[in-house]
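Student: I would like a close look at one helix and its surroundings. Please take me through the part in one go.

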Amino acid sequence: MTESGDLELATVIKRYGATVAVDGVSLKIKAGTYCCLLGPSGCGKTSTLRMIAGHESVSSGDIAIGHKVVNDEPPARRGTAMMFQNYALFPHLSVRDNVAFSLKMAGVKKAERRARADEMLALVDMQNYAERLPAQLSGGQQQRVALARALVTKPSMLLLDEPLSALDPFLRVRMRAELKRFQRELGISFIHVTHSQEEAMALADLIVVMNGGRIEQAGTPREIFNAPRTEFVARFIGAHNVIPIEGRSFAVRADRVTLASPPAAEARNALAATVQDVEYQGTVVLVTLKSRTGLDLSALIPERTFDARPIAMDEPVTMTWDAGDLHELAAAS
């Protein structure tokens, strides 16, 4: 693989006419990092990825790979490779020829490009399918071929645009484990766009949460989950309650609260609420609630605890938490 370098974005802005899709993003990703750009649709994550790839121009700011600003470099000269959401395989070419296609365009001789294609197919355990057409493959197999095709140019960085979104849930879990394994074995940076919190938590060394074209928070999965910086991050990551106390905003994890019935008196670490829904999730039961003041709340209760004292719909309860489990959120800007 090409020698990997750090990726740095310095006050990067992307405008589409009067619309600002990416608004002053600054970020440094160390070489060899699995980074997930996470956020809802329209938050700027895909535009950011496409600017890194060179498929979109930068309106202002700089993108550097290693020590080189690459704003004006074409995609082929950046040392990056892109794996697209729809895989974009050529239907009339065999699996081997799909993987080798970029090498053919670069003028690599047939014997060498076939050998390199076969090497990549072996990496993704698709060597036995080299002569098949894409239509003869499952979705997961097509994804492996797309991955091999992206890696055959020996990039220093792989860019992935929602690569798991087209797969069924079981295969998605399996393939994300394989993506992480490939990244560790290759030792290069993977920059992966997703709207799935679970996917980002499972894969990333670094999660970058985006909202409205800006970075809300960047950190490890544990940092993001245990210490969300803003109300947006706490709500988007999920499994957090956002609670105003004395004019300030706090988050407390849904698995760190308890429900008492009959209801007790309200206090600084307690809220009276009514059960809105009860959802069995296997190892835990999700109880959603509405406080007297209209807050939407949730509690994740271990199955055994819930079975010992079931909670019913419309039941009045008191939600309590330990003061040490409260995390103060930054004031909204």
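Tutor: Start with what lies over the helix: the cover on the buried residues of α2 includes α3 (110-123) and α4. Helices here are DSSP runs of H or I with at least four residues, strands are runs of E with at least two, and both are numbered from the N terminus. This is a predicted model, in which local features need pLDDT of at least 70, side-chain atom pairs count only at pLDDT 80 or more, and totals for chains, interfaces and linings use all residues. Residues are numbered from 1 along each chain as its sequence is written, and side-chain values use heavy atoms, with hydrogens and water left out.

Which residues of α2 are buried? They are V95, R96, N98, V99, A100 and L103. Buried means under 20% relative accessible area, exposed means over 50%, and partly exposed lies in between, with a 1.4 Å probe and protein chains only. An α-helix has 3.6 residues a turn, so residues three or four places apart point the same way.

Now the packing. Two packed helices are described by the angle between their axes and the distance between the axes. Helix α2 spans residues 95-105 and helix α4 spans residues 139-151. Their axes come within 7 Å and cross at roughly 30 degrees. That makes α2 roughly parallel to α4. The axes are lines fitted to C-alpha atoms over the stretch in contact, and angles run from 0 to 180 degrees between N-to-C directions. Angles under 35 degrees count as roughly parallel, over 145 as roughly antiparallel, 65 to 115 as roughly perpendicular and the rest as oblique.

α2 passes α4 in a right-handed crossing; that is, the near helix is turned clockwise from the far one by less than a right angle. On the α2 side, V95, N98 and V99 make the contact. On the α4 side, V145, A148 and R149 do. Contact means heavy atoms within 4.5 Å. By class, this contact has 4 nonpolar, 1 polar and 1 charged residues. Ala, Val, Leu, Ile, Met, Phe, Trp, Tyr, Cys and Pro count as nonpolar, Asp, Glu, Lys and Arg as charged, and the others, Gly among them, as polar.

Next, the two flanks. P91 sits in the loop between β6 (80-83) and α2. P91 is exposed, with a relative accessible area of 59%. Setting aside neighbours within four places in sequence, P91 is in contact with L133 and P134. Just after α2, G107 takes a positive phi of about 85 degrees.
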